[in-house]
Amino acid sequence: MVRIINRQELLNSTFSQNNRRVREIALNTVEALFDAIDPKKIIESKVKLLDNFLYVEGKKFDLASYRKIIVVGGGKASGPMAEVLEKILENYIDNGLIVVPKGTSKRYKTKKIEILEASHPIPDDSSVMGAKKILSLTEKVNENDLVICLISGGGSSLMALPRDNISIRDKKKVTDMLLRCGATINEINAVRKHISAFKGGQLAKAAYPATVLGLLLSDVLGDPLDVIASGPTVPDSTTFKDAIDTLKKYDMWEKAPKSVKKILMDGETGLIEETPKKDSYVFQKVSNIVLGNNRLACKAAIDVLKKHGLNTLFLTSFMEGEAREFGTMLGAIAKEISVSGNPLPPPVGIVVGGETTVTVIGNGKGGRNQEIALSAALRIKEIDNIVIVSISTDGVDGPTDAAGAIVDGETLKRSKQLGLNAAEYLKNNDSYSFFSHVGGLVFTGPTGTNVNDISMIIVS
């Protein structure tokens, strides 16, 4: 069960009584939505075993008909998913292997499914080892076997096997450049898939002709299957040309390692085979099912806000764009509600989900949710009845140990008392340092799941 570690600090007596009350509603809602997206609860509710049959979202698998059943995969939620799945199917599972973020493997207890740790968000040698071991397992199956793949956000980094002559060092360099340039997750994964021997349907290719069941938790806007963890069991909708275009779009082509450029150019000219597409034979016996996503988290938040007596609006689960610009919009909406009661009269709770990007131009420390919160704080200064919170559902916002941040109308007042210029911190992409001084960082620790980000406006 995920809880906010520094809850009391975020509700301390220096805040006005009204702000403490609204903050408490916000923090209660954050904790409740984490419960709703708990991977263990999701698996328990949607994966059922009756006699010898496995039922998942309307699909049925006769487990007694398979010679062997293995479980593979990776991602931030794959550990709890594997633990619960093994409890449900323990007598049927032969073996398996999943890859989880470093420092988290001891949380999960499995008997037949091996758990390895690897690096996130930048892959390393442990990521390569994990991907190789998974491919080794799947390459041994035949047409009478079942491969269950547990895939969630973070899998792209945790299961990284560079193609041909690309070194893990070169792959790390490209990944780091993509994460800092403001590219969308779809664009990032188009590149990842085409410099990988694992992603973009290539795990399904290795498992053919076995039956493959992919159970996915989505961390991507709209749940495009081929983008979640770069779609190892899904037909790839992108091409080598798309990967090249992404690098050129963000002025990265000339800076990219020679090995990466060679593979992409060879692929574009047909010297290297494309990733498997939707008409490929490798997907004849593949089923991929999304069990949880950002919309599930947003709806859980709305339910809690309603119980607190607020007028609610679930605005969208497709939030994207620059974090600071989105924060400005959140602040403007909150101010409009406070001043005019439009689009809803207070008390109001508005929920927005998705994933923004940060184009790093400064040398500070922060994450997209902290940047959203700081930008929003600049727009709601000295308004007593507004609280805005933005958090990453994996509990790790950017390269920091915070899940996000919470602000109110007094945030800027407190910063001025400390002699801090909020606008300068935002300009320097240094939101973490700002909130470390002023207060407002939300800490949960790694949550064991990942379904994008959630932002909330509460106007009392």
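I take helices to be DSSP runs of H or I with at least four residues and strands to be runs of E with at least two, numbered from the N terminus.

I am working with a predicted model, in which local features need pLDDT of at least 70 and side-chain atom pairs count only at pLDDT 80 or more, while totals for chains, interfaces and linings use all residues. Residues are numbered from 1 along each chain as its sequence is written, and side-chain values use heavy atoms, with hydrogens and water left out.

I noted a phi near 55° for D251, a positive value in a residue other than glycine; D251 is in the loop between α10 and α11. For burial I use relative accessible area, where buried means under 20%, exposed over 50% and partly exposed in between, with a 1.4 Å probe and protein chains only. D251 counts as exposed, at 59% relative accessibility. N429 likewise has a positive phi without being glycine, near 50°, and I found it in the loop between α16 (422-427) and α17 (431-438). N429 is buried, with a relative accessible area of 5%.

I asked how many residues of helix α8 are buried. Eight of the 10 residues in α8 (residues 185-194) are, so the helix is largely enclosed by the rest of the structure. The buried ones are E187, I188, N189, A190, V191, R192, K193 and H194. Taking contact as heavy atoms within 4.5 Å, I list among the elements covering these buried residues α6 (155-158), α7 (168-180), α9 (202-207), α10 (240-249) and α11 (258-268).

I placed E31 in helix α2 (residues 17-36), where E31 is buried at a relative accessible area of 10%. Leaving aside residues up to four places away in sequence, E31 touches V2, R3, I4 and R7. M329, in helix α13 (residues 323-340), is partly exposed, with a relative accessible area of 38%. I also noted that M329 and S375, 46 residues apart in sequence, are 9.0 Å apart in space, C-alpha to C-alpha.

On a 1 Å grid over the protein atoms alone, a cavity is a set of points where a 1.4 Å probe fits but cannot get out, a pocket is an open set with protein on both sides within 12 Å along at least five of seven lines, and lining residues have an atom within 4 Å of a point. Points are joined across faces, edges and corners, and a volume is the space filled by probe spheres set on them.

The second largest pocket holds about 280 Å³ of space, and I see 15 residues lining it, with M1, V2, D38, T447 and G448 nearest its centre. Helices α2 and α3 (39-46) are the elements that each give two or more residues to this lining.

I count one cavity of 30 Å³ or more, and the largest cavity has about 50 Å³ of space. Its lining consists of V220, L221, G222, D223, N293, N294, R295, S317 and N452.
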